[in-house]
Amino acid sequence: MTFGKFATVVILLACTLLTSLNLVTGGCTEQDKNEILNLCKDNVKRGAPVVTLPLDCPCCVKAKKVKDMLCILQWMTFPEKRIYDENKIIRLQWWCKVNQITV
């Protein structure tokens with residue numbers, strides 16, 4: 001194997017490992033995604049009205065624990081993305097924080 005091919009393989013492996021590591025340690029897990037979709041399903045489904053969320057509701061409690069909602073989107077499958085509104089999922093933390101400020 002020539003040095004150029006070896007370097008390419010090493011770079012590709014490094015990128016793959018970093019991407020996988022980001023999914024594993026990036027602030028959420030697949031279990032976090034499942035809990036968010038289960039606890040917040042009435043608020044994040046496509047076409048669902050935007051409602052004020054109580055600070056102590058299970059959805060807000062879980063949303064505050066997830067460090068990066070974009071990570072939740074990375075775990076979502078294509079069928080889930082057809083059911084749930086990605087923008088609403090990203091805004092969950094904001095909705096819960098806004099309620100903290102106004103209450």
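Lysine 62 is buried, with a relative accessible area of 12%, where buried means under 20% relative accessible area, exposed over 50% and partly exposed in between, computed with a 1.4 Å probe on protein chains only. The model is a predicted one, in which local features need pLDDT of at least 70 and side-chain atom pairs count only at pLDDT 80 or more, while totals for chains, interfaces and linings use all residues. Residues are numbered from 1 along each chain as its sequence is written, and side-chain values use heavy atoms, with hydrogens and water left out.

**Salt bridges around lysine 62**

- A search of the whole structure finds three salt bridges, a salt bridge being a side-chain nitrogen of Lys or Arg within 4 Å of a carboxyl oxygen of Asp or Glu.
- One of them joins the side chains of aspartate 32 and lysine 62, at 2.7 Å from N to O; this pair links distant parts of the chain, with aspartate 32 in helix H2 and lysine 62 in helix H4 (residues 58-65), 30 residues apart.
- Helices here are DSSP runs of H or I with at least four residues, and strands are runs of E with at least two, numbered from the N terminus.
- Aspartate 32 is buried, as is lysine 62.
- Lysine 62 also meets glutamate 35, side chain to side chain, in a salt bridge of 2.8 Å from N to O; because lysine 62 lies in helix H4 and glutamate 35 in helix H2, this pair ties together parts that are 27 residues apart in sequence.
- Glutamate 35 has a relative accessible area of 27% and is therefore partly exposed.
- Through salt bridges that share partners, Asp32, Glu35 and Lys62 are joined into one network.

**Lysine 33 and glutamate 80**

- Lysine 33 is found in helix H2, which covers residues 30-39, and its relative accessibility is 2%, so lysine 33 counts as buried.
- The side chains of lysine 33 and glutamate 80 meet in a salt bridge of 2.9 Å from N to O, and this pair too links distant parts of the chain, since glutamate 80 belongs to helix H6 (residues 78-83) and lies 47 residues from lysine 33.
- Both lysine 33 and glutamate 80 are buried.
- The two side chains also make a polar contact at 2.9 Å, a polar contact being a pair of N or O atoms within 3.5 Å, where within protein one must be able to donate a hydrogen and the other to accept it, and residues adjacent in sequence count only if both atoms are side-chain atoms.
- Leaving aside residues up to four places away in sequence, lysine 33 touches Ile72, Trp75, Met76 and Glu80, with contact meaning heavy atoms within 4.5 Å.

- The structure holds three disulfides, a disulfide being a pair of cysteine sulfur atoms within 2.5 Å.
- Cysteine 28 and cysteine 71 form a disulfide with their sulfur atoms 2.0 Å apart, and the torsion about their S-S bond is about -90°, so this disulfide is left-handed.
- That pair links distant parts of the chain, with cysteine 28 in the loop between helix H1 (3-25) and H2, and cysteine 71 in helix H5 (residues 69-75), 43 residues apart; cysteine 28 is buried, and so is cysteine 71.
- Cysteine 40 and cysteine 59 form a disulfide in which the sulfur atoms are 2.0 Å apart, and here the torsion about the S-S bond is about 110°, so the disulfide is right-handed.
- Cysteine 40 sits in the loop between H2 and helix H3 (41-44) and cysteine 59 in helix H4, so that distant parts of the chain, 19 residues apart, are linked by the pair; both cysteine 40 and cysteine 59 are buried.
- Cysteine 60 is joined to cysteine 96 by a disulfide with an S to S distance of 2.0 Å, and with -90° about the S-S bond this link is left-handed.
- Since cysteine 60 lies in helix H4 and cysteine 96 in helix H7 (residues 86-102), the pair ties together parts that are 36 residues apart in sequence.
- Cysteine 60 counts as buried at 0% relative accessibility, and cysteine 96 counts as buried at 1%.
- When the bonded cysteines of the protein are numbered in sequence order, the pairing is 1-5, 2-3, 4-6.
- Cysteine 57 is in no disulfide, and the nearest cysteine sulfur, that of cysteine 60, is 3.9 Å away; cysteine 57 is buried, with a relative accessible area of 13%.
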